[in-house]
Amino acid sequence: MANLKRDSSGNYVVRFRVGGRGSAWVRRNLGAVSHKEAKTLARDLEAKLKTTRPGARPFLTFGELAAMYLEERKDRLTPRGYALADMIIRCHLEPFLGARRVSDLRAADVEAYRAQRRELRRGKKNGDRYLVTKTDEPISPATFNREWSLIRAILNFGERTERIDRSPIKSGAVEKLAAPPREAYFEPAEWSAFVAAAAPDPELRAAVPVLRALLLTASRIGEIVDLRWKDVDLRQKVVTIRQPKVSKREPRPKSLPIVPELEALLPVIRGFGEAPVFRQIDEKPWTVPALQSAFERILRRSGLQPEHGHLTPHSVRHTASTWTVRGGATPDEADRLRGITMKGMSAVYTHLQATDLLRAARALAAVEAEALVAGVTSVCSGTSPAKAAGAEK
């Protein structure tokens, strides 16, 4: 769309690009005409001089472009990333924006999409139909930001592959919502109460080694679920954890030392190759949804009232970093334990091995061991871990 402004002399000046992003600018002085005449002249000039890319499709809908994006990104996204993008497009973007022409989209359409998404509606299947009901809890700002990023990725994909002339929504036209960072983590007494709450239930008890390994490796939940026996070297005492979130095309692994506390969590019956390390009580491999569900069930059983916000499986990663520093390691060592990669010249000249993180791994394991011992002591003295955690506060 042409940019029309009046200069200091009272003349209207029009400015626009002859093609897509990066093409040459056209600037014309339209003279001292009325605003209505200036708009007409600008529109005629833009229609005369503006070119369209040969492969661009002026009637392409957003739904069609989104389907092309998914097909092109299928081999580049992780399975979970692809499933998430497919769900967002199918359940949210397609019903609201799918029939709209890409060339007609404006920032106001994204704002309208955000307004209706902030009034979250949930559907419950009844036969072949969904009964849609409104909830009192709107989606979080982070959820909208994720969906807006996907909209922008689809539009940029269309421009990059020349399926559209240019992205119809200017950069910066839609601002992301302010999303507070996730800061929840376990205190030692809370972790002890959490682990103890799983003891009565065999299914939940089987989740404890996985969740403790999640803590001792400072990993993401998907990384520990995907851990394979080929990544565990018990002879060298090194575990390799792949991090697809860090780099999707070439997953950048982190190598960590296997401290005795971590080795004790590994199943007695060892596997090899692509066999998963951790399995559920029915011998099925753990999945992310199954482990998330087990975490929530244990949390409800524990009756905890967390001191540092709502606890999730990702809070275990925050806990690991916090406890590592508390145990005497440096913040840099805590970052390396989480797999945070160095930047700049440090990444070029610094080459760390798993043994270089032994001090950090031992510091983390020592804090957890002390917490669990304190929990056992409180049980033996007749005080439940959950009450002990509350008493500490």
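**Note on side-chain contacts in the model**

1. The count of salt bridges comes to 15, where a salt bridge is a side-chain nitrogen of Lys or Arg within 4 Å of a carboxyl oxygen of Asp or Glu. This is a predicted model, in which local features need pLDDT of at least 70 and side-chain atom pairs count only at pLDDT 80 or more, while totals for chains, interfaces and linings use all residues. Residues are numbered from 1 along each chain as its sequence is written, and side-chain values use heavy atoms, with hydrogens and water left out.

2. Arg297 and Asp201 form a salt bridge in which the closest N and O atoms are 3.2 Å apart. The pair links distant parts of the chain, 96 residues apart: Arg297 is in helix 11 (residues 288-302), and Asp201 is in the loop between helix 6 (188-197) and helix 7 (202-205). Helices (H or I, at least four residues) and strands (E, at least two) are DSSP runs, numbered from the N terminus. Asp201 counts as buried at 12% relative accessibility, and Arg297 counts as partly exposed at 28%. Here buried means under 20% relative accessible area, exposed over 50%, and partly exposed in between (1.4 Å probe, protein chains only).

3. Arg297 also meets the side chain of Glu203 in a salt bridge, at 3.6 Å from N to O. Glu203 lies in helix 7 and Arg297 in helix 11, so this pair ties together parts that are 94 residues apart in sequence. Glu203 is partly exposed, with a relative accessible area of 44%. Both contacts of Arg297 belong to a salt-bridge network that links Asp201, Glu203, Arg297 and Arg301.

4. A salt bridge elsewhere joins Arg242 to Asp231, with the closest N and O atoms 2.9 Å apart. Both partners are in loops and 11 residues apart: Arg242 between strand 7 (238-241) and strand 8 (254-257), Asp231 between helix 9 (221-225) and strand 6 (232-233). Asp231 is buried at 5% relative accessibility, whereas Arg242 is partly exposed at 40%.

5. The structure holds 7 aromatic pairs. Rings of Phe, Tyr and Trp (its six-membered ring) pair if their centres lie within 6.5 Å; planes under 30 degrees apart count as stacked, over 60 as edge-to-face and the rest as tilted. One of the pairs is Tyr69 with Phe157, edge-to-face, at 5.8 Å centre to centre and 75 degrees between the planes. Tyr69 is in helix 2 (residues 62-73) and Phe157 in helix 5 (residues 141-160), 88 residues apart. Tyr69 is buried at 8% relative accessibility, and Phe157 is buried at 1%.

6. Phe194 and Phe295 form a tilted aromatic pair, 5.0 Å centre to centre with 45 degrees between the planes. Phe194 lies in helix 6 and Phe295 in helix 11, so the pair ties together parts that are 101 residues apart in sequence. Phe186, Trp191, Phe194 and Phe295 form one aromatic cluster.

7. The charged end of Arg114 sits over the ring of Phe144, 5.4 Å from the ring centre. The rule for such a contact is that NZ of Lys or CZ of Arg is within 6 Å of the ring centre and within 35 degrees of the ring normal.
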